[in-house]
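For each one, we will ask what the label rests on and then check it.

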Amino acid sequence: MLGCVLRKMCWKRTGARRGVCTRQPAPRVRFAPSPTGFLHLGGLRTALYNYLFAKQRGGAFILRLEDTDRARLLPGAASERERERECVCVPPDESSRRGGDCGPYVQSERLPLYSQTAAALLQTGHAYYCFCSNQRLDLLKREAQRSGHVPRYDNRCRRLQPEQVQQRLAQGVPAVVRFKLASGAEPFQDMVFGWTRHEVAAVEGDPIILKADGFPTYHLASVVDDHHMRVSHVLRGSEWLISTAKHLQLFRALGWTPPAYAHLPLLLNRDGSKLSKRQGDIFIQRFREQGVLPETLLDLVTHAGSGFDNNRIGRRLEELVCEFNISKITTHSALLDLDKLDEFNRVHLQRRIEDEEKCAVLRDELRQRVLHTHGSQISDRAVLEPLYIQRVLELRKGHVCSLRELLNHMHAYLWIRPRVTRQQLQEVSAEAENIAAAVIQLVASGGSFESTEHLNTELKLIASRLKHTKYSGMMRVLRLALSAQQQGPSVAEMMLSLGEQEVCVRLQKALEQTGTT
């Protein structure tokens, strides 16, 4: 969590900019995903904006799981949701794993509360039992589609007399509970879209709030949970904007004070098309597998849309907290440019390398990746030592976008000793043996490997003493001997990465190798 000093700075800054009363109660916000799949970029953005809003004002960020759609549940998805929250650096203050005063934080563990609320609505006449079969509802839907209308329930069971209801209940006829939508919906002020009014009763039938199996629908569960968890602000996707009119009616029928609402515009692809879960490449799990850092994703999704006075690459979470401005969220969709993902990740990877504590984690991760990718081919276990891996990270920072790049063909020389013959070197320069001997002598005489600049100066001096080979030719000989490649990092960087001893070993072995590779 951020320190008190940072929070006070953020409150003061926000208040000065937007006239916010710093003595207002600390907000309580929630992110309430359905564990029917794994977290994607759109969900991450919603979670992050809730987190930023709460932390900026010293409030609480709640994670609850809305698992009432039993048919769509995926095994393990619920626990993965919470793990993903922590992996992307927006840990909840309250959740089923962290605990809290308003639990349980999984809806399937709160069923009695929903049943009690539905019973209260039935008692006050704001809800009623519906006995319509699935077959009848399907017929209504098909008839509406044939006539070109939007399917809606016709509120038939609203008109049942009390004795008819009791008779059917006594007979064990399956029933759901529907909420009576009132006509003449009142407008409400959304924190993003402003004053909004949706006459839901004119276009929709009465919604089901409690299913026959005793599980609530989203409409009832979200209202009940927001009330009992003391949620003060709801930041959610704009696809729920129309449903808010129903939720406000539920709050009014129950005599509860509703939270303030802020509906976030959709997150779209750069070309304006909708992010597709079917693509599979917008899920956080997939990005993790590709080596994308959590802070990169946070930076990217905030860069895509509104909510900030300006955008720049490389913002840390604490900077996002202080710079977030909910009044800057616009109603138009946010465009996500995944083509910039590598650029974002390069910046954040460099920052991790420069942080001593975080770099230690990177070293261990890279070591495990090297063992997994090249384990059986590693000639010298020294490449797995922390100092060696640290040197590689320091020299490659700002050049690579992820640790995965350090395992590709171009960087294989870092971990695997190449096989290069004397003949191959001599095909590049007849003075290959002299070049190798001069570099070995440079190491033996204590020639410094302290920087690429210093080493380049020493190599240029060696090249100046050659009779028939230019500096560029000498670099090709050394690159081939050290990596068996003709492209990649500079020769000086290769030598610094490998270290003095390994440079000599590779040059000597190349001169001794007389066969073909």
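Q: Before we start, what kind of model is this?
A: It is a predicted model, so keep that in mind as we go through the labels.

Q: What makes Cys-130 buried or exposed?
A: Buried means under 20% relative accessible area. Cys-130 has 2%, so the label is buried. Another cysteine, Cys-401, has 7% and therefore counts as buried too.

Q: How do you know that strand 3 and strand 4 pair?
A: Pairing asks for at least two bridges. Strand 3 and strand 4 (residues 176–179) are joined by 4 bridges, so they pair, and they run antiparallel. One of the residues involved is our friend Cys-130, whose bridge partner in strand 4 is Val-176.

Q: Why is strand 3 called an edge strand?
A: Three strands form an open sheet in the order 3-4-7, with antiparallel pairing. Strand 3 (127–130) and strand 7 (208–210) each pair on one side only, and that makes them the edge strands. From one strand to the next, the twist averages 45°.

Q: What makes both faces of strand 2 covered?
A: Ala-60 and Ile-62 are buried on one side, and Phe-61 and Leu-63 are buried on the other. In a regular strand, side chains alternate between the two faces of the sheet.

Q: Why is Arg-57 called buried?
A: Arg-57 sits in the loop between helix 2 (41–56) and strand 2 (60–63). Its relative accessibility is 17%, which is under the 20% cut-off, so Arg-57 counts as buried.

Q: What makes the link between Arg-57 and Gln-56 a polar contact?
A: The limit is 3.5 Å, and these two side chains make their contact at 2.8 Å.

Q: How do you know that Gln-390 is buried?
A: Gln-390, in helix 15 (residues 386–396), has a relative accessible area of 19%; that is under 20%, so the label is buried. Its side chain also joins that of Arg-363 in a polar contact of 2.5 Å.

Note on methods
Residues numbered from 1 in each chain as written. Predicted model: local features only at pLDDT ≥ 70, side-chain atom pairs only at ≥ 80, totals over all residues. Heavy atoms only, no water. Buried < 20%, exposed > 50% of the residue type's maximum accessible area, 1.4 Å probe, protein only. Helix = DSSP H or I, 4+ residues; strand = E, 2+ residues; numbered from the N terminus. Polar contact = N/O pair within 3.5 Å; in protein donor to acceptor, adjacent residues only side chain to side chain. Axes fitted to C-alpha atoms, helices over the stretch in contact; angles between N-to-C directions.
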